[in-house]
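Me: I would like to learn how to read a few features of a protein model. Can we go through them one at a time?

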Amino acid sequence: MDNLLILERLDRLEKLLIGSKEVLTFDETCDYTGISRSYLYKLTSSGRIPHSKPNGKMLFFEKTKLVDWLLQNKRKSQQEIEAEALTYAMHHKVR
């Protein structure tokens, strides 16, 4: 079997393992979120991303909090905006 194929399968298996964990290490968080190591360091040092340092050195991330953090500041789609505008117009008719 080709070495490249083996490495691709190994990479997929690692990603599947990360998907089943609740607490991620720093490197796993980079892989899971797609955030670069340097940017994740900036986010943790500035306290802008939820994380834990149980022994004062290593960083750990709770996956559910990461998902909440990643999905903050949601932007509405054009369809959602139009639906809200229609609902508002129906309930607030001009007299």
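Reply: Start with a term: helices are DSSP runs of H or I with at least four residues, numbered from the N terminus. The model here is predicted. Under that reading, Phe26 is placed in helix H2.

Me: Is Phe26 buried or exposed?

Reply: Buried means under 20% relative accessible area. Phe26 has a value of 9%, so Phe26 is buried.

Me: Which residues does Phe26 contact, leaving aside its neighbours within four places in sequence?

Reply: With those neighbours set aside, the contacts of Phe26 are Arg37, Leu40, Tyr41, Leu59 and Phe61.

Me: How should I read a nonpolar core, and which residues make up the largest one?

Reply: In soluble globular proteins, nonpolar side chains tend to be buried together. In this model the largest nonpolar core has twelve residues: Ile18, Leu24, Phe26, Cys30, Ile35, Leu40, Leu43, Ile49, Leu59, Phe61, Leu66 and Trp69. At least two residues of this core come from each of helix H2 (26-33), helix H3 (37-45) and helix H4 (63-70). Take Leu40 as one member of the core. Apart from neighbours within four places in sequence, Leu40 contacts Phe26, Thr29, Cys30, Ile35, Ile49 and Phe61.

Me: How many aromatic pairs are there, and how is such a pair described?

Reply: A pair of aromatic rings is described by the distance of the centres and the angle of the planes. The count here is two aromatic pairs. For Phe26 and Phe61, the ring centres are 6.4 Å apart and the planes are at 50°, so this pair is tilted. Phe26 lies in helix H2 and Phe61 in strand E2 (residues 60-62), so the pair ties together parts 35 residues apart in sequence. Phe26 and Phe61 are both buried. Together with Tyr41, they form one aromatic cluster.

Me: Which residues form a nonpolar patch on the surface?

Reply: The patch consists of Tyr32, Val67, Leu70 and Leu71, with about 340 Å² of accessible area together. Tyr32 is placed in helix H2. Its relative accessible area is 33%, so Tyr32 counts as partly exposed.

Me: What is the phi of Asn73, and where does Asn73 lie?

Reply: Asn73 has a positive phi of about 55°, although Asn73 is not a glycine. Asn73 lies in the loop between H4 and helix H5 (78-91). With a relative accessible area of 60%, Asn73 is exposed.

Key. Residues are numbered from 1 along each chain as its sequence is written. This is a predicted model: local features need pLDDT of at least 70, side-chain atom pairs count only at pLDDT 80 or more; totals for chains, interfaces and linings use all residues. Side-chain values use heavy atoms; hydrogens and water are left out. A nonpolar core is a set of buried Ala, Val, Leu, Ile, Met, Phe, Trp, Tyr and Cys residues joined through side-chain atoms within 4.5 Å. Buried means under 20% relative accessible area, exposed over 50%, partly exposed in between (1.4 Å probe, protein chains only). Contact means heavy atoms within 4.5 Å. Patches are made of residues with over 30% relative accessible area and no salt bridge: like charges are joined within 9 Å, nonpolar side chains (Val, Leu, Ile, Met, Phe, Trp, Tyr) within 5 Å. Accessible areas come from the Shrake-Rupley method with a 1.4 Å probe; for residues, only the protein chains shown count as cover. A salt bridge is a side-chain nitrogen of Lys or Arg within 4 Å of a carboxyl oxygen of Asp or Glu. Rings of Phe, Tyr and Trp (its six-membered ring) pair if their centres lie within 6.5 Å; planes under 30 degrees apart count as stacked, over 60 as edge-to-face and the rest as tilted.
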